[in-house]
Amino acid sequence: MTGKIHIGIGGWTYEPWRGVFYPDDLTQKRELEFASRALTSIEINGTYYSTFKPDSWAKWRDETPDGFVFSVKASRYCTNRKVLSEGAESFERFLDQGLTVLGPKLGPINWQFMATKKFDPVDFEGFLKLLPREKDGLRLRHALEVRHPSFDTAEFYDLAAKYGAAIVYAVDDEAPEWPCIDQPTADFTYARLMSSREDEPTGMTGPELDAIAAQTTGWSKRGDVFAYFIAGAKVRNPAAAKALIAKLG
């Protein structure tokens, strides 16, 4: 079976997108409505820094069309700690804020780790044991974004597979030391593409986008795909996402 492909950006509020992505006369309160009809997914980044009330999650759910999916960036209080396995209280605070109000529009949760965080097999497995497989009757999918080279090892791949967590495929031309891992450790793929350039109207050249489209199609053969144009030349990311969606048909 071929999985569904979801393509998008990180967040939806960014002033330089006005007049480039958003029409000049679009009110700010309608930006999510507009973005969710031009793209097929958005990674919510604000949850990395703070929590939101259930009413906010319900508002985001209701402003977006059927079939649209949000990914959610996990709280930094869960991932930016010396001992990961001691973060149970932070997990509860993050997961209890109301994200399941999104219902079927809830995609994976991205657990992003700092570039200084090294792979400790025992502690990391303790962390993975804290990841619930469901909440409020809704399946939770987890993606692990690691940035230290020590994670580029079969021991980490096997551990992620044991708990059904995806390893985020992250490409950033400005951080070549970060591991770029493409391993099928879950029944979905999560990619963060951080290489867009401002001198390209669509962020990347046609051939570059063709290569990503082929890669994305390949990922879809093993399950759903969530791919986001993030960082890089942020002003070009919506155009890059729209161009990739067009190439994928």
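What follows is a conversation about helix packing and strand pairing in this predicted model.

Visitor: Why is α5 called roughly parallel to α6?
Guide: Helix α5 (residues 121-129) and helix α6 (residues 154-162) pack at an angle of about 20°, their axes being 10 Å apart. Angles under 35 degrees count as roughly parallel, and therefore α5 is described as roughly parallel to α6.

Visitor: Which residues of α5 meet α6, and what is the contact like by class?
Guide: From α5 come Pro 121, Phe 124, Glu 125 and Leu 128, and they meet Glu 155, Phe 156, Leu 159 and Lys 162 in α6. By class, this contact has five nonpolar and three charged residues, with no polar ones.

Visitor: Why is α7 called oblique to α8?
Guide: The axes of helix α7 (residues 206-220) and helix α8 (residues 237-248) cross at roughly 60° and come within 9 Å. Roughly parallel requires an angle under 35 degrees, roughly perpendicular takes 65 to 115, and roughly antiparallel lies over 145, the rest being oblique; α7 is therefore oblique to α8.

Visitor: What is the handedness of that crossing, and what classes of residue are in the contact?
Guide: α7 passes α8 in a right-handed crossing. The contact includes Leu 209 and Ile 212 in α7, and Ala 240 and Leu 244 in α8; by class it has seven nonpolar, three polar and two charged residues.

Visitor: How do you know that both faces of strand β7 are covered?
Guide: In β7 (residues 142-145), His 142 and Leu 144 on one side, and Ala 143 and Glu 145 on the other, are all buried, a word that here requires under 20% relative accessible area.

Visitor: What makes β7 a paired strand, and which are its partners?
Guide: Pairing requires at least two bridges. Four bridges join strand β4 (residues 106-112) to β7, and two join β7 to strand β8 (residues 166-167), with both pairs running parallel. Within these pairings, Asn 110 has Ala 143 in β7 as its bridge partner, Trp 111 stands opposite Leu 144, and Ala 143 is partnered in β8 by Ala 166.

Visitor: What makes β8 and β9 edge strands?
Guide: The open sheet has nine strands in the order β8-β7-β4-β3-β2-β1-β11-β10-β9, with parallel pairing. The strands β8 and β9 (169-171) each pair on one side only, and are the edge strands.

Visitor: Where does α7 touch this sheet?
Guide: α7 packs on the sheet and touches β1 (5-10), β9, β10 (188-193) and β11 (224-229), its direction making about 150° with that of β11.

Notes. Residues numbered from 1 in each chain as written. Predicted model: local features only at pLDDT ≥ 70, side-chain atom pairs only at ≥ 80, totals over all residues. Heavy atoms only, no water. Axes fitted to C-alpha atoms, helices over the stretch in contact; angles between N-to-C directions. Contact = heavy atoms within 4.5 Å. Nonpolar A, V, L, I, M, F, W, Y, C, P; charged D, E, K, R; others polar. Buried < 20%, exposed > 50% of the residue type's maximum accessible area, 1.4 Å probe, protein only. Left-handed = near helix turned anticlockwise from the far one by under 90°.
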